[in-house]
Amino acid sequence: MLFRSKMSNLALDIQEAIEAGELTFAQIAAKYEVPIDWVECVNDELALQYAAEYDGQPDEAQEWYDFDPDC
């Protein structure tokens, strides 16, 4: 169970690094001392998550920007 917890934390750390967009995948892999395949896998899962959440509609901020003539 401890191994699974460490792996989950590692995956979250990698996900946060990808979302931050400051490092390349190779740099993320080096930072966390994992194969680049792991970083790519986390990225693929993140992309699937974003695709599932996207409903094709603008979010509230975009709707307000489009509506408000002062923006």
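Trainee: In which helix is glutamate 40 found?
Mentor: Glutamate 40 lies in helix H3, residues 36-53; helices here are DSSP runs of H or I with at least four residues, numbered from the N terminus. This is a predicted model, in which local features need pLDDT of at least 70, side-chain atom pairs count only at pLDDT 80 or more, and totals for chains, interfaces and linings use all residues. Residues are numbered from 1 along each chain as its sequence is written, and side-chain values use heavy atoms, with hydrogens and water left out.

Trainee: What is the relative accessible area of glutamate 40?
Mentor: The value is 34%, so glutamate 40 is partly exposed; buried means under 20%, exposed over 50%, and partly exposed in between, with a 1.4 Å probe and protein chains only.

Trainee: And phenylalanine 25, where is its place?
Mentor: Phenylalanine 25 belongs to helix H2, residues 25-32. Its relative accessible area is 29%, so phenylalanine 25 is partly exposed too.

Trainee: Which residues does phenylalanine 25 touch, not counting those up to four places away in sequence?
Mentor: They are Ile18, Ile36, Val39, Glu40 and Asn43, where contact means heavy atoms within 4.5 Å.

Trainee: What separates the C-alpha atoms of phenylalanine 25 and isoleucine 36?
Mentor: They are 6.6 Å apart, with the two residues 11 apart along the chain.

Trainee: Changing topic, how many helices and strands does the protein have?
Mentor: There are 4 helices and 0 strands, and the order from the N terminus is α-α-α-α.

Trainee: How much of the protein is buried?
Mentor: Buried residues account for 17% of the 71 residues.

Methods. Helix = DSSP H or I, 4+ residues; strand = E, 2+ residues; numbered from the N terminus.
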